[in-house]
Amino acid sequence: MKFLFKWVLNGIIVTLMLAWYADVTYLTAFIAASLLTVVAFLIGDMVLLPSTNNAVATISDFLLAAVYLGVVRYFYDLNLSFGEIIIISALVAWAEWLYHRYILGQKLDVAG
């Protein structure tokens, strides 16, 4: 259930933003968003969040999204600027922070 919620949350953000910025089909954007969600769930939620805190997991989600979108941009020659990648990654990180804090019930611990 946690993965499904994360998939919907990230899927909405990444699909809509990729379709808007990169001018790709919604199906292409949805596939890219789904793959990002799987990777983010496995790395961020299953490895980092349990062993660190929300701040570390959120920063990692931002970096992961930015690198992933950069790689997707390169390999599929998407019309996606660095700034647009940062905007999408920041929105994903913000959604992840909320997801970790309110949905998963994690206490926000910025100091560690």
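Asp23 is exposed, with a relative accessible area of 69%; exposed means over 50% relative accessible area, buried under 20% and partly exposed in between, with a 1.4 Å probe and protein chains only. Asp23 sits in the loop between α1 (2–21) and α2, in a predicted model where local features need pLDDT of at least 70, side-chain atom pairs count only at pLDDT 80 or more, and totals for chains, interfaces and linings use all residues. Residues are numbered from 1 along each chain as its sequence is written, and side-chain values use heavy atoms, with hydrogens and water left out.

- Most residues other than glycine have a negative phi, and most peptide bonds are trans.
- Asp23 has a phi near 55°, a positive value in a residue other than glycine.
- Asp77, in the loop between α3 and α4, has a positive phi as well, near 50°.
- Asp77 is exposed, with a relative accessible area of 69%.

**Overall fold**

- The chain contains four helices and zero strands, which gives the pattern α-α-α-α along the sequence; helices (H or I, at least four residues) and strands (E, at least two) are DSSP runs, numbered from the N terminus.
- The radius of gyration is 14 Å, close to the 13 Å that the globule rule gives for 112 residues, so the chain is as compact as a globular protein of that length.
- This radius is taken over C-alpha atoms, and the globule rule is 2.2 Å times the number of residues to the power 0.38.
- The C-alpha trace spans about 40 × 25 × 20 Å along its principal axes.
- Of the 112 residues, 41% count as buried.
- Among contacts (heavy atoms within 4.5 Å) between residues at least 6 apart in sequence, 70% join residues at least 24 apart.

**Helices α1 and α2**

- The axes of α1 and α2 come within 8 Å and cross at roughly 135°; axes are lines fitted to C-alpha atoms, for helices over the stretch in contact, and angles run from 0 to 180 degrees between N-to-C directions.
- The two helices are therefore oblique to each other: angles under 35 degrees count as roughly parallel, over 145 as roughly antiparallel, 65 to 115 as roughly perpendicular and the rest as oblique.

**Helices α2 and α3**

- The axes of α2 (residues 26–51) and α3 (residues 54–76) come within 10 Å and cross at roughly 150°.
- Helices α2 and α3 are therefore roughly antiparallel to each other, and their crossing is right-handed.
- Among the residues in contact are Leu35, Val39 and Leu48 of α2, together with Ala57, Leu64 and Tyr68 of α3.
- The residues of this contact divide into 11 nonpolar, three polar and one charged.

- Ala93 belongs to helix α4 (residues 82–103) and counts as buried at 9% relative accessibility.
- Not counting residues up to four places away in sequence, Ala93 touches Thr58 and Phe62.
- Ala93 and Gly11 are 82 residues apart along the chain, and their C-alpha atoms are separated by 13 Å.

Notes:
Left-handed = near helix turned anticlockwise from the far one by under 90°. Nonpolar A, V, L, I, M, F, W, Y, C, P; charged D, E, K, R; others polar.
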